[in-house]
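The stops below go from the whole chain to single residues.

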Amino acid sequence: MNLTDTEVAAAAALAGAEVVRARYGRLHSRIDKGAGDFATDADLAAEEAILDVIRAARPGDAVHGEEGGRQGAADAEREWLVDPLCGTLNYATGSQLVAVNVVLRNGPAAVADPFSGEVFLTDGETARVRSGVPGEERPLAPTADTRLVDVNLDPPFPSAPGFRAVDLLAHPGFVENFRPRVVSTTLALAWVAAGRRAAYVTDGGDLSGSVHFAAGIALCRAAGCVVTGVDGGPVGPGGRGLVVATDAGTHELLMSMIGGRGRTG
């Protein structure tokens, strides 16, 4: 059976999610990556499961995995970005707040939640969520009704002192309009697309080609969310972090706080 790129992304993400779920709760070996970052044996095994799916379905494509780097023909025209376990520290300490991200660069993407059984997917134009129940699928409908905003507080902080996420949380306008959440995984981006979060904010550089963020960005764009950098500029080369909001009003309100930390918005 010939799978579409969207189905390849979904199948690969679900294969990784199955490994993550099966290994949950074990004592994991850690591979130090420096600066306090590490991978576990679950990260490595999940990435291999994902690569097996992509290699079988798209043998001519290159793959760039968080753990294994770039593999495949140097002149391959297509490249998959793979984050086999986003939220490794959460996972290693017994939290189920993790995601498995798979995206064809500038194409379809999937974000799987290993513990809910959900996979959020996009073909680049539409966005939907498929539950663990066979055949149950629905379109994603972003809404700011929850007023919950996920903020990434992990380093690095390249925009400081001009922008600091902790300053946003202390802004009077933020306290008045939103409630903060910190899940420390890009599963939060899928939740924005699904209307479970009003917005997501993180510092950083150009995140459009990041194995951590590219799938979530694609999902949010297809769902109709507003996606910019923390400076309000486009996400891409020269970009600065992410502000992803369910609608223009929510985005504008957040940007007024980021751009003027002393104002009440």
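Residues are numbered from 1 along each chain as its sequence is written, and side-chain values use heavy atoms, with hydrogens and water left out.

**Whole chain**

Colour by secondary structure. The chain has eight helices and 15 strands; helices (H or I, at least four residues) and strands (E, at least two) are DSSP runs, numbered from the N terminus. The radius of gyration is 18 Å, close to the 18 Å from the globule rule for 265 residues, so the chain is as compact as a globular protein of that length. That radius is taken over C-alpha atoms, and the globule rule is 2.2 Å times the number of residues to the power 0.38. Along the principal axes, the C-alpha atoms fill a box of roughly 55 × 40 × 40 Å.

Of the 265 residues, 52% count as buried. Buried means under 20% relative accessible area, exposed over 50%, and partly exposed in between (1.4 Å probe, protein chains only). Among contacts with a separation of 6 or more, 60% join residues 24 or more positions apart; a contact means heavy atoms within 4.5 Å.

Now colour by pLDDT, the predictor's confidence in each residue, from 0 to 100. The mean for the chain is 93, and 96% of its residues reach 70 or more. Select residues 260–265: there the pLDDT is below 50, and the stretch has 15 contacts in the model beyond near neighbours in sequence. Where pLDDT is low, the predicted coordinates should not be read in detail.

Select residues 214–223, which form helix H7. Among the buried ones are Ile 217, Leu 219, Cys 220, Ala 222 and Ala 223. Just after H7, Gly 224 takes a positive phi of about 100°.

Next select Ala 127, in strand E9 (residues 127–130). At 8% relative accessibility, Ala 127 counts as buried. Which residues does Ala 127 touch, not counting those up to four places away in sequence? They are Leu 121, Thr 122, Pro 139, Leu 140, Leu 219, Ala 222 and Ala 223. Leu 219, Ala 222 and Ala 223 are also among the buried residues of H7. For a distance check, draw a line from Ala 127 to Thr 6: the two are 121 residues apart along the chain, and their C-alpha atoms are separated by 11 Å.

Go to Arg 181 in strand E12 (residues 179–181). Arg 181 is partly exposed, at 36% relative accessibility. Leaving out residues up to four places away in sequence, Arg 181 touches Leu 148, Val 149, Asp 150, Val 151 and Arg 197. Strand E11 spans 148–151. Arg 181 and Asn 152 are 29 residues apart in sequence and 8.8 Å apart in space, C-alpha to C-alpha.

**Backbone exceptions**

Most residues other than glycine have a negative phi, and most peptide bonds are trans.

- Arg 147, in the loop between strand E10 (137–139) and E11, has a positive phi near 60° and is partly exposed at 29% relative accessible area.
- Ser 184 lies in the loop between E12 and helix H6 (187–193); its phi is positive, about 55°, and at 32% relative accessibility Ser 184 is partly exposed.
- Pro 155 to Pro 156 is a cis peptide bond with omega near 10°, and Pro 156 is in the loop between E11 and H4.
- Ala 160 and Pro 161 are joined by a cis peptide bond, with omega about 5°; Pro 161 is also in the loop between E11 and H4.

End on Ala 160, which is partly exposed at 32% relative accessibility. Ala 160 and Ala 194 are 34 residues apart in sequence and 30 Å apart in space, C-alpha to C-alpha.

How values were computed
Predicted model: local features only at pLDDT ≥ 70, side-chain atom pairs only at ≥ 80, totals over all residues.
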